[in-house]
Amino acid sequence: MNWNLSDGRPIWQQLHEQLTLRIATGSYVRGSKMPTVRELAAEAGVNPNTMQRALAQLEADGLVVTNRTAGRTVTDDESVLTATRRRLAHGTIKTYLDQMALLGFTRAEAAELLQTWEEEDT
Amino acid sequence: MKEDLIVCRDLVKDYGKLTALDQVNLTIGRGRIVGLLGPNGSGKTTLIKLLCGLLQPSGGELLIDGQKPGPYTKSQVSYLPDRMYFADWMKAKDLTDFFADFYPDFDRTKAEDMCRSLKIEPGHRIKSMSKGTKEKLQLALVMSRKAQLYLLDEPIAGVDPAARDFIMNTILTNYNENGTVLISTHLIGDVERVLDEAIFLQMGHVVRHDSVDAIREEEGKSVDALFREIFRAEAYGGEHYDR
């Protein structure tokens with residue numbers, strides 16, 4: 001997976017979003033060890049302090065846990081992961097509904113279209 | 001070790017009638033990567049030369065690690081000048097020898113490893129190297145010192161985008177964690193994501209000094225875009241940027 005950083009928004013927030021997504025989708029496996037700040041920073045081509053800030057936020061979210069001995073690991077708590085996936089799904093739904101509203105579909109119409117949609121329709 | 005690494009108080013430098021730096025007040029902490037940004041002639045190189053003791057201030061005060069520039073600070077500063085200063089008959093190995101002789105904090109193994117990853121053989125002559133390779137070689141040497149302050153004057157000017165990425169990565173992975181890196185450049189887009197802080201210089205004044213993320217948050221645009229805005233306005237005779 002590549003790091004994709006855009007202009008105009010704080011870099012740490014974008015890193016935080018992308019790390020959250022990686023954890024939610026299981027790229028970083030539940031309970032496993034996270035790469036170090038330096039490794040992540042080098043991979044993304046960003047300043048280690050910026051990466052540190054993103055990781056601190058992940059920790060505050062409960063998605064990663066720092067143990068004195070094992071270093072930083074992905075949370076083992078399924079409820080946190082479920083809640084995160086749900087929150088991300090809500091974001092995607094909101095984007096979908098906003099776009100559909102722009103095209104003139106009500107929420108109910110949008111939901112119905114979604115139900116009946118087949119891959120071939122596009 | 002706690003105090004700021006660089007402190008400038010009302011720092012002035014003039015060359016005869018021309019004032020290159022005018023009452024600059026600046027503090028820079030440790031373990032930071034700082035961009036010194038400004039158009040040509042805004043005083044970037046002058047500030048860097050003052051920091052490494054090549055120029056003397058005309059007024060005000062400048063302290064590095066609590067000391068005035070002198071033998072002590074020079075031992076703590078690793079400087080990459082904006083142009084190559086080595087004799088071109090030298091080979092890569094001669095340069096490594098040169099650095100090893102001059103600087104006790106020079107890590108020869110590290111420099112040789114870097115040269116290898118750059119595909120520079122010890123027997124290569126500087127004369128036969130491309131501009132980009134010369135830049136990379138010099139940077140490898142400069143970053144192989146264990147200094148408190150790295151002063152990099154235009155490290156990516158005149159090299160291709162792939163080499164720029166390589167250079168930025170070299171800086172990221174090789175600076176020592178208590179060391180501060182000051183990078184002067186006007187190729188902001190290429191360095192922005194590597195920086196902690198940005199200092200904007202305009203006609204010898206610091207017009208903005210902030211963290212990159214704070215700038216993005218407040219302005220809703222990248223540092224590169226902000227730079228273009230500030231300095232474009234000036235070019236067409238607009239108001240000076242003040243804050």
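Predicted model: local features only at pLDDT ≥ 70, side-chain atom pairs only at ≥ 80, totals over all residues.
Local features require pLDDT of at least 70 and side-chain atom pairs pLDDT 80 or more, while totals for chains, interfaces and linings use all residues; side-chain values use heavy atoms, without hydrogens and water. Residues are numbered from 1 along each chain as its sequence is written, with chains lettered from A and ligands numbered from 1 in the order in which they are written.

Buried denotes under 20% relative accessible area, exposed over 50%, and partly exposed the range in between (1.4 Å probe, protein chains only).

In helix α2 (residues 37–44) of chain A, the residues A:V37, A:L40, A:A41 and A:A44 are buried. Viewed down the axis of α2(A), the buried residues fall within an arc of 100°, so they line one face of the helix; the arc is that of the directions from the helix axis to the C-beta atoms. Their cover includes α1 (11–24), α3 (48–61) and β2 (71–74) of chain A, together with α6 (161–174) of chain B, where contact means heavy atoms within 4.5 Å. A:G45 follows α2(A) and has a positive phi, near 65°.

Over all chains there are 23 salt bridges (a side-chain nitrogen of Lys or Arg within 4 Å of a carboxyl oxygen of Asp or Glu). One of them joins A:D7 and B:R216 at 4.0 Å, N to O, crossing from the segment before α1 of chain A to helix α8 (residues 212–219) of chain B. A:D7 is exposed, with a relative accessible area of 56%, whereas B:R216 is buried at 5%. B:D65 and B:R30 pair at 2.7 Å, N to O, and both are buried. Salt bridges with shared partners link A:R30, A:D76, A:E78 and A:R85 into one network.

Conventions: Helix = DSSP H or I, 4+ residues; strand = E, 2+ residues; numbered from the N terminus.
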